[in-house]
Amino acid sequence: MDLEVEAVEEIDEAAVPTGVDAAEYVLYGGKGGVGKTTMAAATALASARDGTATLVVSTDPAHSLSDTLETTIPAEPERIREDIPLYAAEIDPEEAVGDGPFDAEGGLGGMGGLGQLLGGGGPMGGQGAQPGGAGQAGGTGAGAAGTGSGTDPGADDDAAAADPLAGPMPGMDEAAAMRLLLEYMDDERFDRVIVDTAPTGHTLRLLELPELLDSMMGRLLKLRQRLSGLFDSLPFGGGDGDQGADVEDLEVLRERIERLRAVLRDPAKTDFRIVMVPEGLSVMESQRLLDRLDSFGVPVETVVVNRVMQDLTDVADVEGDWFVSPDLDDCEFCQRRWQVQQQALKEAQDLFRGHDVKRVPLFADEVRGENLLRVVAACLD
């Protein structure tokens, strides 16, 4: 292997794509560590180069978009390039839970807020009321039976422990990320939104949320309607609360969930691209992801096989004088790895027949910064 070849410094502008032929929403998914962030960043750069206002957003808690683009990425969309309309954001799901209807304290994010949702004034219906109420011995001590002033430093912890429904519901971080993603999809600043999703398991849970939340909200609305009279008559009923506004918020959220479902299932608007590496386990996991996406009705047009031990000129129309190719003639390790990859590539071609299978070569250098990202974009073109 020739190790004297210098890393790429300049790329022929005519050899890399300006713009991309892609849907309005492009989502990259797959198991962790296969290169989803690289593909999303490369696609976003190419998309913005023809003047298309493009947002690349990461929902992966292990953010690496900043490192890949070699710039600081904010938590909310901001323009990160002056010369091209490229915007970026890295969603922090845990931070997002504390905002809007997924607020862990009082909204859908915390089951402790169920009393509020159904008409009560606080968690479990009362202002700090604890199960047991006045029926407990004495019932007058600070924080004892829900009548305390809240001056006890441990009162909040005691309340959380006493209320088994307190705290965030499982999956609310994904739901919060989805809510922000919906906002970005509706943002008129962007003509295309490219999403670097979390690893496979998180992505599937995120895709299941529209159905889950739709069902949950429907049940809660019905329950609230049935119990509205009961809560009005109870001492902690909170009958003077703005219940109409709560129902209105839920209806708005329901409509947005329906819109997301429709967008994800529309092949004219959405392309979910599976990223994998040429190894048997990755092929199997990608097949499972494809099956699950198909069950959700989410279209998959492209499958990207990353880190293939082939020469750059075999997979893209790019000058490759600078490219360091694996030595398949004299390196036994390279030869054995190439045999493994060839078997995986054959399996991928058979399993993903009918899909556009793209190959991205294994680079000697770490794929960071615009030059190599442009080369990756040429491989995806």
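Reader: Buried here means under 20% relative accessible area. With that settled, which residues point one way from E6 and which the other way?

Author: This is a predicted model. From E6, Thr270, Phe272, Ile274 and Met276 point one way, while Asp271, Arg273 and Val275 point the other way. All of these residues are buried.

Reader: How many residues of strand E6 are buried, and what follows for the strand?

Author: Strand E6 covers residues 270-276, and seven of its seven residues are buried, so the strand is largely enclosed by the rest of the structure.

Reader: Which strand is joined to E6 by five bridges?

Author: That is strand E1, residues 25-29, and the two run parallel. Within this pairing, Gly29 is placed opposite Ile274 of E6.

Reader: And how do E6 and E7 pair?

Author: E6 and E7 are also paired in the parallel sense, over three bridges. Met276 has Val305 of E7 opposite to it. Between these strands the chain passes through helix H9, residues 280-296, and the β-α-β crossover is right-handed.

Reader: In what order do the strands form the sheet?

Author: The order is E3-E4-E2-E5-E1-E6-E7-E8. These eight strands make an open sheet with mixed pairing.

Reader: Which strands stand at the edges?

Author: Strand E3 (78-79) and strand E8 (356-361) do, and each has a single partner strand, so one side of each is left without a neighbour in the sheet.

Reader: Let us turn to E2. With which strand does E2 pair over five bridges?

Author: E2 pairs in the parallel sense with strand E4, residues 86-90. Leu55 has Tyr87 in E4 as its bridge partner.

Reader: Where is the place of Thr54, and is Thr54 buried or exposed?

Author: Thr54 belongs to strand E2, residues 54-58. Thr54 is buried, at a relative accessible area of 0%.

Reader: What does Thr54 touch, not counting residues up to four places away in sequence?

Author: Its contacts are Ala44, Ser47, Ala48, Pro85, Leu86, Tyr87, Arg192 and Ile194.

Reader: Next, helix H12. How many of its 11 residues are buried?

Author: Nine of the 11 residues in helix H12 (residues 370-380) are buried, so this helix is largely enclosed by the rest of the structure. They are Leu372, Leu373, Arg374, Val375, Val376, Ala377, Ala378, Cys379 and Leu380.

Reader: Against what do the buried residues of H12 pack?

Author: They pack against the strands E1, E7 and E8, and against helix H1 (36-48), helix H2 (65-69) and helix H10 (312-315).

Reader: I also check backbone angles. What is the phi of Glu70?

Author: Phi of Glu70 is near 55°, which is a positive value in a residue other than glycine. Glu70 sits in the loop between H2 and E3. Its relative accessibility is 52%, so Glu70 counts as exposed.

Reader: And what is the phi of Arg307?

Author: Arg307 is not a glycine, yet its phi is positive, at about 65°. Arg307 is part of strand E7. With 34% relative accessibility, Arg307 counts as partly exposed.

Reader: Finally, where is confidence lowest and where is it highest?

Author: Confidence is lowest in helix H4 (residues 114-118), with a mean of 44, and highest in strand E7 (residues 302-308), at 96. Over residues 1-7 the pLDDT is below 50, and this stretch has 11 contacts beyond near neighbours in sequence. The pLDDT is also under 50 over residues 159-170, where the model has 26 contacts beyond four places in sequence. The mean pLDDT of the protein is 75, and 62% of the residues reach 70 or more.

Reader: How should the predicted coordinates be read where pLDDT is low?

Author: Where pLDDT is low, they should not be read in detail.

Methods: Residues are numbered from 1 along each chain as its sequence is written. This is a predicted model: local features need pLDDT of at least 70, side-chain atom pairs count only at pLDDT 80 or more; totals for chains, interfaces and linings use all residues. Side-chain values use heavy atoms; hydrogens and water are left out. pLDDT is the predictor's confidence in each residue, from 0 to 100. Helices (H or I, at least four residues) and strands (E, at least two) are DSSP runs, numbered from the N terminus. Contact means heavy atoms within 4.5 Å. Buried means under 20% relative accessible area, exposed over 50%, partly exposed in between (1.4 Å probe, protein chains only). Two strands pair if DSSP finds at least two bridges between them. A crossover is right-handed if, with the strands pointing away from the viewer, the path from the first strand over the helix to the second runs clockwise.
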